[in-house]
Amino acid sequence: SSDRCFYCDLFKDDSCPKCEYGWEQHGRQCYYFSIDPLTWSESRYECRQKGGDLVQIDSREEQTFLEPKLREKMNFNEDKFWIGLTDSEKEGTWLWVDGSPLNESLTFWSSTEPNNWTGYDPDGEDCVRMGKKAGAPDRKCWFDESCKFYFLLIDILNYIYNKT
Ligand SMILES: [Ca+2]
Ligand SMILES: [Ca+2]
């Protein structure tokens, strides 16, 4: 929590995480915002190479931290960010990358999403990207999207110090 970080900063507690250069700290986690255009799987591979994974959003507080942060980094409406959420195993069953199910009371789908649209990709949309440059009511800016697309996307790394 941020109280914990305040304590860390104040007392220089060695048990406190320190993010490497290029990563942003929030709570006990580090976030990396990459602007490489990659597919969802490639994004995930890149994250894991760095010791992290695609982000899992575990609280409203985390979404509230990330949503304006992404808006800051977006140049275009389609500069959205992959997150670690997919229904590629079973249509409509959303799982985070650690295998845990999406908590249905903690979702931030944009209106009419997820819609598994087959307009561009006949396989539909099984990966989730987030961000809305114009801002989103109640931070609701998740979109299901084809996992195969290469957008000028930004993926998020979540360096989990306290969960490994
Ligand atoms: Ca789907
Ligand atoms: Ca969609």
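1. Strands here are DSSP runs of E of at least two residues; helices are runs of H or I of at least four; both are numbered from the N terminus. Two strands pair if DSSP finds at least two bridges between them.

2. On conventions: residues are numbered from 1 along each chain as its sequence is written, while chains are lettered from A and ligands numbered from 1 in the order in which they are written. As the model is predicted, local features need pLDDT of at least 70 and side-chain atom pairs count only at pLDDT 80 or more, whereas totals for chains, interfaces and linings use all residues.

3. Look next at strands 3 and 5. Strand 3 (residues 81–86) and strand 5 (residues 127–130) run antiparallel and are joined by 4 bridges. T86 has C127 of strand 5 as its bridge partner.

4. Helix 3 covers residues 60–73, 14 residues in total. From first C-alpha to last, helix 3 reaches 20 Å, close to the 20 Å expected at 1.5 Å a residue. That expected span is 1.5 Å times one less than the number of residues.

5. Which residues of helix 3 are buried? They are Q63, L66, E67 and L70. Buried means 20 or more other C-beta atoms within 10 Å of the residue's own; exposed means 12 or fewer; partly exposed lies in between; C-beta atoms are placed from the backbone. An α-helix has 3.6 residues a turn, so residues three or four places apart point the same way.

6. The other side of helix 3 has T64, P68 and E72, which are exposed. The cover over the buried residues of helix 3 includes strand 3 and strand 5.

7. Now the core. The largest nonpolar core has 24 residues, and F81, W82, I83, V128 and M130 touch the most other members. Such a core is a set of buried Ala, Val, Leu, Ile, Met, Phe, Trp, Tyr and Cys residues joined through C-beta atoms within 7 Å. Strand 2 (29–34), helix 2 (40–49), helix 3, strand 3 and strand 5 each give two or more residues to this core. Strand 3 provides the largest share, 4 residues.

8. The loop between strand 5 and strand 6 holds A136. A136 is partly exposed, with 17 other C-beta atoms within 10 Å. Beyond its neighbours within four places in sequence, A136 is in contact with E67, S110 and C141. Contact means C-beta atoms, placed from the backbone, within 7 Å. A136 and P68 are 68 residues apart along the chain, yet their C-alpha atoms are separated by 9.5 Å.

9. R139 is also placed in the loop between strand 5 and strand 6. R139 is not a glycine, but its phi is positive, about 65°. It counts as partly exposed, with 18 C-beta neighbours inside 10 Å.

10. Two points concern the loop between strand 4 and strand 5. P114 is found there, and the peptide bond from E113 to P114 is cis, with omega near -5°. N116 lies in this loop too; its phi is near 50°, a positive value in a residue other than glycine.

Methods. Two residues are in contact if their C-beta atoms, placed from the backbone, lie within 7 Å.
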